[in-house]
Amino acid sequence: MRNLDKKRGKKNKKGFIQISYAWLFAIILGAIILFFAIYASVRLIKTETTVSGTETGKEISVLLNPLETGFGEERTTQLSIAVESRLNNGCENFGNFGEQKISVSQKKGREFVDTNIEQTSYNKYIFSNKSVQGKNFYIFSKPFKFPFKVTDLIFLTSAEEKYCFIDSPEKIQEELTSLNQANLFTENCPSGGINVCFESSSGECDISIDLNDKSVKKNDGKVYFETDALMYAAVFADKEIYECQVQRLMKRLKWLSLIYNDKEAVLSERGCPADVNLLSLADSASSLKDSSDLVIVKFAADDAEEENKRAYCGLW
């Protein structure tokens, strides 16, 4: 009887071991399948994020081109993205023209994922905060003349940011009203907006514009401007972005001045001299260290404009 119990015990023990190995194998196999499923899902999410970011980057690049205004017009357009996104503005001022970079991060769950996609341009000048967040954005373009047209400046803002221009001059009010951009106000300002005050304004101001000093003051510091185009640029851009783009604009101004100087030489050879001192303008633009030097370049630009008006053969 005891021998029989011992044999049954051995059989039960053997069966228990066989079942345990079966379960162990199933667990290991299931873990492997689960691992590959998670890995594939993560890869898919990353791929979809990259594709979405690439499409957004191309969309931005395509949208910027129609904003070239040409004849002194101001234009605005809206950019809509399906998912919550951050448009990151990058500016580099090295070389002959510097670089304009726009990269895209998109929200996945609770976090923003970098798409590693970057659009680079050498002839675009985008003024905005370093990072602009939302699903809907406005792109407002205005030509920059100094004294001839240098390029079009592009102002990028989120539709979630409401700018209220308080006590603005009549010219600014008319321009913003005709622009009809939904996040820019000159009256009936919504609560919680960004108050842009001119020197005659009273009350709480997030941004202060001094038209006499030609400066814009914000929480990240004070910058200087010449022309209304650069005034808007100083309002919508971080100080670092603004100063970098001004440096790039002066590089462009320098080379355009030298091109016009060559044009003057050709006209002189044909018996139609213009006698415009463009080398002085090129030197002033090249010497600019920061926006406080814009006033010096402005003197040279005004002189060139007056000389061009008096010339028998105008250069622009």
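Author: A disulfide is taken here as a pair of cysteine sulfur atoms within 2.5 Å. The model is predicted: local features need pLDDT of at least 70, side-chain atom pairs count only at pLDDT 80 or more, and totals for chains, interfaces and linings use all residues. Residues are numbered from 1 along each chain as its sequence is written, and side-chain values use heavy atoms, without hydrogens and water.

A search of the whole structure finds 4 disulfides. With the bonded cysteines numbered in sequence order, the pairing reads 1-6, 2-3, 4-5, 7-8.

Cys164 and Cys189 are joined with their sulfur atoms 1.6 Å apart. The torsion about this S-S bond is about 50 degrees, so the link is right-handed. Strands (E, at least two residues) and helices (H or I, at least four) are DSSP runs, numbered from the N terminus. Cys164 is buried at 3% relative accessibility, while Cys189 is partly exposed at 35%; buried means under 20% relative accessible area, exposed over 50%, and partly exposed in between (1.4 Å probe, protein chains only).

Another disulfide joins Cys91 to Cys244, with 2.0 Å between the sulfur atoms. Cys91 in strand β1 (residues 75–92) and Cys244 in helix α4 (residues 239–269) are 153 residues apart, and the pair links distant parts of the chain. Its torsion of about -85 degrees makes the disulfide of Cys91 and Cys244 left-handed. Cys91 is buried at 14%, and Cys244 is buried at 10%.
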